[in-house]
Amino acid sequence: MGRVTERRRVIRIRDGAVSTRPDTLVAEEPLEIRLNGKPLAITMRTPGDDFALAAGFLVSEGVLGSAAELQNVVYCAGATQDGSNTYNVVDVKLAPGVPVPDITLERNVYTTSSCGLCGKASLDAVRTTARWAIDDTGDGDTPPVRLEPELLASLPDRLRAAQRVFDRTGGLHAAALFTEDGELLDIREDVGRHNAVDKLVGRALQNGGLPLSRTILLVSGRASFELAQKAVMAGIPVLAAVSAPSSLAVDLAAETGLTLVGFLRGASMNVYAGEHRIALRAAAAQG
């Protein structure tokens with residue numbers, strides 16, 4: 001099975017001095033996702049947590065919503081002409097009675113480590129129907145989610161401290177789930193931040209943890225439309241990113257009630273949507 005890291009020879013130049021040394025790089029390999037035996041998508045990913053990645057991808061596509069709807073996930077043998085198993089093809093079997101979406105050539109998608117889902121026929125094809133409304137307004141027993149800016153500001157350092165492979169390669173994105181109190185629930189790394197999110201969501205589905213209400217999703221890098229969609233599809237109320245969101249991500253957040261925070265660096269951040277979950281007045285008083 002593919003390793004998370006690989007070694008390559010590199011010529012190092014430092015202050016005019018030239019030397020040769022091995023360097024540790026993050027591994028990147030294709031993963032084909034099949035649904036009930038039929039090809040569905042290909043993603044470039046860091047090997048590891050492949051079953052969770054496939055399950056999380058199907059959550060974001062609206063195919064899966066609970067562990068009971070997933071029969072199993074297996075690697076496909078005979079993935080090459082000589083019949084060997086590359087561990088780069090997985091087949092997701094839906095439980096009996098779960099509707100199988102229509103898989104056509106137009107529906108098949110190719111995902112890359114940089115942009116996530118590409119080749120969608122239209123924006124409407126991406127806006128799949130969420131199973132859970134992002135509703136945390138609270139009731140008599142459960143207060144609504146309300147986050148202090150100081151708590152959000154502390155999360156990037158916690159994310160960075162938990163990145164194991166990044167320390168060796170410097171080439172991985174990360175996604176982490178936190179409770180509303182800032183407790184780290186899970187973290188995944190991958191060459192594609194969308195894959196890291198799918199791995200988080202897939203593990204939650206396998207453990208019966210969906211919807212991920214009252215949680216915070218933090219991603220390294222920017223917040224794209226696709227990442228906002230994945231948060232909404234998993235029932236996550238807060239998405240925070242250390243870099244900028246896209247305009248479509250902001251639009252989707254505003255439409256669905258998702259709290260979207262960008263440029264989360266140090267004590268500063270921008271709140272683009274869902275500001276009702278952030279203690280803004282308290283922050284203004286302190287400033």
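**Charges and helices in a predicted model**

Trainee: Which buried residue has no salt bridge, and how far away is the nearest side chain of opposite charge?

Mentor: That is R193, which is buried (under 20% relative accessible area, with exposed over 50% and partly exposed in between, using a 1.4 Å probe and protein chains only) and yet has no salt bridge, the nearest side chain of opposite charge being E226 at 8.3 Å. A salt bridge here is a side-chain nitrogen of Lys or Arg within 4 Å of a carboxyl oxygen of Asp or Glu, and for charge Lys and Arg count as positive, Asp and Glu as negative, with His and the chain ends not counted. This is a predicted model, in which local features need pLDDT of at least 70 and side-chain atom pairs count only at pLDDT 80 or more, while totals for chains, interfaces and linings use all residues. Residues are numbered from 1 along each chain as its sequence is written, and side-chain values use heavy atoms, with hydrogens and water left out.

Trainee: What lies 2.9 Å from a polar atom of the R193 side chain?

Mentor: The backbone oxygen of S220 lies at that distance of 2.9 Å. R193 itself belongs to helix 5, residues 193–206, where helices (H or I, at least four residues) and strands (E, at least two) are DSSP runs numbered from the N terminus.

Trainee: How many salt bridges does the structure hold?

Mentor: There are 13, and one of them joins the side chains of R203 and D49 at 3.9 Å, N to O. That pair links distant parts of the chain, since R203 is in helix 5 and D49 is in the loop between strand 4 (38–45) and helix 1, 154 residues apart.

Trainee: What about R188 and D186?

Mentor: Their side chains meet in a salt bridge of 3.0 Å, N to O; R188 is buried with a relative accessible area of 17%, and D186 is buried with 15%. Salt bridges that share partners join D49, D186, R188 and R203 into one network.

Trainee: Switching to packing, at what angle do helix 6 and helix 7 pack?

Mentor: Helix 6 (residues 225–233) and helix 7 (residues 247–256) pack at about 25 degrees, with their axes 7 Å apart; axes are lines fitted to C-alpha atoms, for helices over the stretch in contact, and angles run from 0 to 180 degrees between N-to-C directions. The two helices are therefore roughly parallel to each other, a label for angles under 35 degrees.

Technical notes. Polar contact = N/O pair within 3.5 Å; in protein donor to acceptor, adjacent residues only side chain to side chain. Parallel < 35°, antiparallel > 145°, perpendicular 65-115°, else oblique.
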